[in-house]
Amino acid sequence: MAPVSSTYAIGRIAVGSFIGTAIEFYDFYIYGTATALVLNTTFFPTLAPVNATLASFATFAVAFIGRPLGSLLFGHFGDRVGRKATLVASLLTMGLSTVAIGLLPGYATLGVAAPVILVLLRFLQGIGLGGEWGGAALLAVENAPAGRRSWYATFPQLGPSIGFFAANGLFLALSAALSDDAFRSWGWRIPFLASAALVVVGLVVRLRLSETPVFAEVVRRREQSRLPLVDMLRKAPLRLLLGGGTIITCYVVFYVTTTFCLSYVTTTLKLPKSEALGLLVAAIWAMALTTVLSCLAGDRYGRKPVLIVGCVFTGVIGLVMFPLLSVGTALSIGVAFALGLGAMGWVYGPLGAFLPELFDARYRYSASSFAYNLGGVLGGALAPTIAAALAAANGTTAVGWYVAGSAVVSLLCLLGLPETRHVSTELPAPVGA
């Protein structure tokens, strides 16, 4: 079956693939922001300040354990049942977990049960997000015409930028409108509860989508993989590992910038929360811009050249980011944020097409999702915690070298993979056709 071509159909694909990732990453990011600003005192008040911060960052990491499990769970059904139904299920899983966090009483009310339930809900967030990205990327890529897959993949790849902007913009507005006591008491819950309305909108859009033509052809031929997990491990184990490795540096630089650096500038540099959030919200547009530019470049020059440039750029940014932060002015901090997020966007953009293109359509949902979320675990799960520990032991220069080292790892993994710009994502013609 041919990819869609009408303007209306393309618009539905763009909105359908974008809105889900925007909502799910909004849900994911509000937790990261809350971790940096308030969860340490709400759920770990009996710990010393440094230990409470490390404990709250640890709950942040729990979702990254759930993400590869979610990719396998939702990937199985995405390859067996279809992309559309699976995307609806992943959105519900994430949305309901997020709302529940907003309703969860703190340590003062529930005692030790509060952080335990928080960890469980954070794990379910990870399960939901683990199934989201792969389906959204396939929705775009499997509907794209040849030569335009990287551009179509821009739609889901912009979801994190917009989700992050919405999450931190709302936190910024609340911190400006409320007293510090009110914000810590109940104000931080509003972004979590607001997710309910966003999920309803996302469900309406997702339920109106059609199945991708590639998967529809798989069904027509009755060629669905019986066990996508087994197929991907048997047929493409090296690509799974290397594909996951290519995205490690994205997550390291992103969460070091948005979670560790946010905590660092508000606690160590004593920048007011509202000013720090404002700088971060302004800097997210650097990520959106570089995501779009790198996706365009991916179709023109190929995925690998664009990604190689991004890895080198990220390594350099890791070494200059913390000297800029240490200057301590709003301008230097804002530039450091923009450079970190810009580096993330440049590498992240082409991966929306590159990872799905590495795998066969019969197990593509499972494989691309697992590779993506494997990179998320290795790069993002402990990034804030590692950065905090490095900074405490050796200063922020060590954190910069950590970011640079992650870029080297991703570059080496990338060099072991083929160029995929001219690879077909459709099924091969049947024998004798």
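**Figure 1. Salt bridges in the predicted model.** In this predicted model, the count of salt bridges comes to 15. Side chains of opposite charge can pair when their charged atoms come close. One of these pairs joins Asp79 and Arg83, with an N to O distance of 3.0 Å. Asp79 and Arg83 are both buried.

**Figure 2. The salt bridge between Arg206 and Glu132.** The closest N and O atoms of Arg206 and Glu132 are 2.7 Å apart. Arg206 counts as buried because its relative accessibility is 1%. Glu132 is also buried, with a relative accessibility of 0%.

**Figure 3. The salt bridge between Lys273 and Asp180.** Lys273 pairs with Asp180, and their closest N and O atoms are 2.7 Å apart. The two residues come from separate helices: Lys273 from α16 (residues 273–301) and Asp180 from α10 (residues 180–185). The pair therefore ties together parts that are 93 residues apart in sequence. Asp180 has a relative accessible area of 38%, so this residue is classed as partly exposed.

**Figure 4. A network of salt bridges.** Which residues are linked in a network of salt bridges? They are Glu217, Arg220, Arg221, Glu223, Asp360 and Arg362.

**Figure 5. Cysteines without a disulfide.** A disulfide is a covalent bond between the sulfur atoms of two cysteines. How many disulfides does a search of the whole structure find? The search finds zero. For Cys261, which is in no disulfide, the nearest cysteine sulfur is that of Cys250, 16 Å away. Cys261 is buried, its relative accessible area being 0%. Cys311 is likewise in no disulfide, and its nearest cysteine sulfur, again that of Cys250, lies 7.6 Å away. The cut-off for a disulfide is a pair of cysteine sulfur atoms within 2.5 Å. Cys311 has 3% relative accessibility and therefore counts as buried.

**Figure 6. The largest cavity and its lining.** One cavity of 30 Å³ or more is found in a search of the whole structure. The largest cavity holds about 50 Å³ of space. Its lining is made up of Tyr29, Gly32, Thr33, Phe164, Asn168, Phe254, Tyr255, Thr258, Thr259, Leu262 and Leu280. Two or more lining residues come from each of the elements α1 (7–37), α9 (159–177) and α15 (248–267). Which element gives the largest share of the lining? That element is α15, with five residues.

**Figure 7. A nonpolar patch on the surface.** Val312, Val316, Leu319, Val320 and Trp401 form a nonpolar patch on the surface. Together these residues have about 450 Å² of accessible area. Helix α17 (residues 303–327) supplies the largest share of the patch, four residues. Is Val316 buried or partly exposed? Val316 counts as partly exposed because its relative accessibility is 45%.

How values were computed: Residues numbered from 1 in each chain as written. Predicted model: local features only at pLDDT ≥ 70, side-chain atom pairs only at ≥ 80, totals over all residues. Heavy atoms only, no water. Patch = residues over 30% accessible without salt bridge, like charges linked within 9 Å, V, L, I, M, F, W, Y side chains within 5 Å. Areas by Shrake-Rupley, 256 points an atom, 1.4 Å probe, with all protein chains shown as cover. Salt bridge = Lys/Arg side-chain N within 4 Å of Asp/Glu carboxyl O. Buried < 20%, exposed > 50% of the residue type's maximum accessible area, 1.4 Å probe, protein only. 1 Å grid on protein atoms, 1.4 Å probe; cavity = no way out; pocket = protein on both sides within 12 Å on 5 of 7 lines; lining within 4 Å. Points joined across faces, edges and corners; volume = space filled by probe spheres on them.
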